[in-house]
Amino acid sequence: MRRCEMIVVDWARAAIRDGAAHVDDHRARFASAADAKQAPLAAFQRSAREALGTEH
C-alpha cells in the first residue's frame with residue numbers, strides 16, 4: 001500500500017510542479033504497485049473478517 005501512496009504523491013507533485021497530470025508517466029508504476037498489493041489486501045480483509053466474526 002505504501003508504494004501506491006508514494007506513486008500518487010509523486011504524481012501529485014509532478015502535476016503541481018508542471019501544471020499537468022502526466023498520468024502516462026506514472027501509469028505503469030501505479031498498475032504494478034496496485035497489482036502487488038492485491039494479495040496482501042485480500043489476506044488482511046479475510047483476517048479482519050475472521051477476527052470480527054463477520055466471515056460468512
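1. **A33.** In this predicted model, A33 is buried, with a relative accessible area of 3%. The residue sits in helix 2. Its C-alpha lies 9.3 Å from that of E5 in space, although 28 residues separate A33 and E5 in sequence. Burial is limited across the chain: of the 56 residues, 11% count as buried.

2. **Fold and extent.** The chain has 2 helices and 0 strands. Its radius of gyration is 16 Å, well over the 10 Å that the globule rule gives for 56 residues, so the chain is more spread out than a compact globule. The box filled by the C-alpha atoms tells of the dimensions: roughly 50 × 15 × 15 Å along the principal axes. Helix 1 covers residues 2–18, and helix 2 covers residues 23–52.

3. **The salt bridge.** The structure holds 1 salt bridge. D10 and R29 form it through their side chains, at 3.0 Å from N to O. What does the pair tie together? D10 belongs to helix 1 and R29 to helix 2, so the contact joins parts that are 19 residues apart in sequence.

4. **Exposure of the pair.** D10 has 27% relative accessibility and counts as partly exposed. R29, at 39%, also counts as partly exposed.

5. **Nonpolar patch.** Which residues form the nonpolar patch on the surface? They are V8, W11, V23 and F30, with about 320 Å² of accessible area together. Both helices take part: helix 1 and helix 2 each supply at least two residues of the patch.

6. **F30 within the patch.** F30 is one of the patch residues and lies in helix 2. Its relative accessibility is 39%, so F30 counts as partly exposed. A33 is also found in helix 2, but A33 is buried at 3%.

7. **Surface and charge.** The chain exposes about 4500 Å². Carbon and sulfur atoms supply 59% of that area. On the charge side, there are 9 positive and 8 negative side chains. The centres of the two sets lie 3 Å apart.

8. **Where to look.** Then view the nonpolar patch, to which helix 1 and helix 2 each give at least two residues. Finish with A33 and E5, 9.3 Å apart from C-alpha to C-alpha.

Key
Residues are numbered from 1 along each chain as its sequence is written. This is a predicted model: local features need pLDDT of at least 70, side-chain atom pairs count only at pLDDT 80 or more; totals for chains, interfaces and linings use all residues. Side-chain values use heavy atoms; hydrogens and water are left out. A salt bridge is a side-chain nitrogen of Lys or Arg within 4 Å of a carboxyl oxygen of Asp or Glu. Helices (H or I, at least four residues) and strands (E, at least two) are DSSP runs, numbered from the N terminus. Buried means under 20% relative accessible area, exposed over 50%, partly exposed in between (1.4 Å probe, protein chains only). The radius of gyration is taken over C-alpha atoms; the globule rule is 2.2 Å times the number of residues to the power 0.38. Accessible areas come from the Shrake-Rupley method with a 1.4 Å probe; for residues, only the protein chains shown count as cover. Lys and Arg count as positive and Asp and Glu as negative; His and the chain ends are not counted. The place of a charge is taken as NZ of Lys, CZ of Arg, CG of Asp or CD of Glu. Patches are made of residues with over 30% relative accessible area and no salt bridge: like charges are joined within 9 Å, nonpolar side chains (Val, Leu, Ile, Met, Phe, Trp, Tyr) within 5 Å.
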